[in-house]
Amino acid sequence: MLELSRNVAIPDNELELTAIRAQGAGGQHVNKTSTAIHLRFDIRASSLPEYYKERLLALNHHLITADGVVIIKAQEYRSQELNREAALARLVALIQQAMVVEKMRKATKPTKGAKLRRLEGKARKGATKALRGKVRT
């Protein structure tokens, strides 16, 4: 059971974890052991609340396919167990990222004082530049 919050959890039978051989350097160890983890999670077929599903499917993320399947490959560690934990942590982070609702920006206008200060600053700068001309004798 993968806990997302107090009320929401993903049962283990909805997560498809497969051990595969990791890529890259590592000598004989990497050639004969399956330490990398391939995690697949079908958003549409899951028991997540509808709100979670909608937010995840609307998220434009490279880990989510067009069919609504999250595919995560974890191979950072030499241990299969650590890679399994890393893959699950990345899934939880992805779902929590989708649940964050950004505040809407309220359009505001500059105050009269701000406009006045800006214009005074421009006048001061212009006066300084006017003094930089050639010196006449």
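Lys53 and Glu50 sit three residues apart in helix H2, which puts about one helical turn between them. Their side chains form a salt bridge, with the closest N and O atoms 3.7 Å apart. (A salt bridge here is a side-chain nitrogen of Lys or Arg within 4 Å of a carboxyl oxygen of Asp or Glu.) Keep in mind that this is a predicted model: local features need pLDDT of at least 70, side-chain atom pairs count only at pLDDT 80 or more, and totals for chains, interfaces and linings use all residues. Residues are numbered from 1 along each chain as its sequence is written, and side-chain values use heavy atoms, with hydrogens and water left out.

**Salt bridges**

- The count comes to three salt bridges by this rule.
- Lys53 is buried, at 12% relative accessible area. For these labels, buried means under 20% relative accessible area, exposed over 50%, and partly exposed in between (1.4 Å probe, protein chains only).
- Arg90 and Glu76 pair up at 3.3 Å, N to O. Arg90 is in helix H3 and Glu76 is in the loop between S5 and H3, so this bridge ties together parts 14 residues apart in sequence.
- Arg90 counts as partly exposed at 30% relative accessibility, and Glu76 is also partly exposed, at 49%.
- Glu81 bridges to Arg84, with the closest N and O atoms 3.0 Å apart. Both lie in helix H3, three residues apart, or about one turn of the helix.
- Glu81 is partly exposed at 40% relative accessibility, and Arg84 is partly exposed at 23%.

Helices and strands here are DSSP runs numbered from the N terminus: H or I of at least four residues for helices, E of at least two for strands.

**Nonpolar core**

- The largest nonpolar core holds 26 residues, and Ile10, Phe41, Leu48, Val70 and Leu91 have the most contacts inside it. (A nonpolar core is a set of buried Ala, Val, Leu, Ile, Met, Phe, Trp, Tyr and Cys residues joined through side-chain atoms within 4.5 Å.)
- H3 gives the most, with nine residues.

- A patch of positive charge on the surface gathers Lys109, Lys112, Lys115, Arg118 and Lys122. (Patches take residues with over 30% relative accessible area and no salt bridge, and like charges are joined within 9 Å.)
- Arg118 lies in helix H4 (residues 112-130).
- Leu116 is in helix H4 too, and at 52% relative accessibility Leu116 counts as exposed.
- Leu116 and Gly68 are 48 residues apart along the chain, and their C-alpha atoms are separated by 54 Å.

**Pairs across the sequence**

- Gln23 is in the loop between strand S3 (15-20) and helix H1 (28-32), and counts as exposed at 56% relative accessibility.
- Gln23 and Gln75 are 52 residues apart along the chain, with their C-alpha atoms separated by 7.8 Å.
- Glu16, in strand S3, is partly exposed with a relative accessible area of 45%.
- Glu16 and Ile37 are 21 residues apart in sequence and 9.9 Å apart in space, C-alpha to C-alpha.

How values were computed: Patch = residues over 30% accessible without salt bridge, like charges linked within 9 Å, V, L, I, M, F, W, Y side chains within 5 Å. Areas by Shrake-Rupley, 256 points an atom, 1.4 Å probe, with all protein chains shown as cover. Lys, Arg positive; Asp, Glu negative; His and termini not counted. Charge placed at Lys NZ, Arg CZ, Asp CG, Glu CD.
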